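This report concerns the predicted model shown below. Please have the sequence and the coordinates at hand while reading.

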There are 2 protein chains.
Amino acid sequence: MLKDLQYIKQTLAGHGLKVTHQRMVIYQVLQETDTHPAAEGIYEKIKKKNPSISLGTVYKTLEVFVEKGLIKKINTSEGNMRYDARMDIHNHIYCTNTKEIIDFKDDELDMLVRDFFKRKKIGNFNLKEFRLHISGEKIDPGKHIEIT
Amino acid sequence: MLKDLQYIKQTLAGHGLKVTHQRMVIYQVLQETDTHPAAEGIYEKIKKKNPSISLGTVYKTLEVFVEKGLIKKINTSEGNMRYDARMDIHNHIYCTNTKEIIDFKDDELDMLVRDFFKRKKIGNFNLKEFRLHISGEKIDPGKHIEIT
DNA sequence: TCTTTGTTGATAATTATTATTATTTATTTT
DNA sequence: AAAATAAATAATAATAATTATCAACAAAGA
Ligand SMILES: [Mn+2]
Ligand SMILES: [Mn+2]
Ligand SMILES: [Zn+2]
Ligand SMILES: [Zn+2]
């Protein structure tokens, strides 16, 4: 899913953000990857081509993206934050062994849960969203997890 | 749900832990409360009656409890850890406004999801558990959330 | 061009948490 | 019971992740 620069520019601008090189490249990294990286990881990847970038800028920029609804911030059980460019509602599979986070989306499951909460009401509460956190361990850490 | 000291002693001992005053009082605080406090909060509560206790001890003790399967450690979307004395599998409702975490357990929902994963298999993955994270906002922050 | 405003990089500060270690307390051995 | 051993605690230092500060820089507007 290679996004061209034009698309990225439009996306940033469309969210009310001034287009800068740093923002472009940070957003691009997040688009290209599905590993839900931490700020540090994004920073390391960018530094190769762009050694002058600052880690603080990465943090700041990611925070701005989150505020503008461009990306999501997700928290791991290890306590550090990871970032996710996928904005559709979906769930995460955590491997407690490799610390990987894998996306998991299933319409049937969504319906099932949404349906449940149509019946079961939570009083004095404005439900925004629900996510399923699935955790376990990869059997063969070398191979991929596959959802069938 | 007032637990007497005898019960707490037995629980600690039953999990292979030496019974100390600090452990007793830390575990007691967690038992008495349903607010999923952070280490700091537990520490503050204990300090009143027991001013000599150290924050490091609270952290250490909580970690020991988690390892022994006495309590659970849960992570908030703000990134800091909270502790939960409830050990049965259950879900959490997060209020993004008050930062409260409220327990939510429903057998029908559990079945629904468990059932789903009996059909939908995740390959190369040993599923340990799934939890539903429900987030939203309290409508009246002064009042309680009620599950009907 | 001058002025204003927003962004970045360098760096300092903060927060949550963990590690270290001497002291205290509990348990076992003599 | 006294001595020896082991475990737990308090005080403190260290670390990691993240946020704040601020001067330099860049873009946009007048
Ligand atoms: Mn995601
Ligand atoms: Mn819980
Ligand atoms: Zn994702
Ligand atoms: Zn709970």
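The side chain of B:Thr20 places an N or O atom 2.6 Å from a phosphate oxygen of DNA strand D. Chain A also takes part: a polar side-chain atom of A:Tyr59 is found 2.7 Å from a phosphate oxygen of DNA strand D.

## Surroundings of DNA strand D

Residues of both chains surround DNA strand D. From chain A come A:Tyr59, A:Lys73, A:Asn80 and A:Met81. Those from chain B include B:Lys18, B:Thr20, B:Gln22 and B:Arg23, as well as B:Ser52, B:Ile53, B:Ser54 and B:Thr57. By residue class, the surface near DNA strand D comprises six polar, three charged and three nonpolar residues.

On the DNA side, sugar or phosphate accounts for 86% of the atoms of DNA strand D within 4 Å of the protein, and bases account for the rest.

## Relation of chains A and B

Two copies of a chain are related by a rotation about an axis and a shift along it. Here, chain A is superposed on chain B by a rotation of 179° with 0.0 Å of shift along its axis, at an RMSD of 0.2 Å. This is the relation of a two-fold axis. Within chain A, A:Leu132 has the C-alpha nearest the axis, 2.3 Å from it. Both copies use the same surface, since 100% of the contact residues of chain A recur in chain B.

Note on methods
Residues are numbered from 1 along each chain as its sequence is written. Chains are lettered from A and ligands numbered from 1 in the order in which they are written. This is a predicted model: local features need pLDDT of at least 70, side-chain atom pairs count only at pLDDT 80 or more; totals for chains, interfaces and linings use all residues. Side-chain values use heavy atoms; hydrogens and water are left out. Copies are superposed by least squares on the C-alpha atoms of residues with pLDDT of at least 70 in both. Contact means heavy atoms within 4.5 Å. A residue is near a molecule or strand if one of its heavy atoms lies within 4 Å of it. A polar contact is a pair of N or O atoms within 3.5 Å; within protein, one must be able to donate a hydrogen and the other to accept it, and residues adjacent in sequence count only if both atoms are side-chain atoms. Ala, Val, Leu, Ile, Met, Phe, Trp, Tyr, Cys and Pro count as nonpolar, Asp, Glu, Lys and Arg as charged, and the others, Gly among them, as polar.
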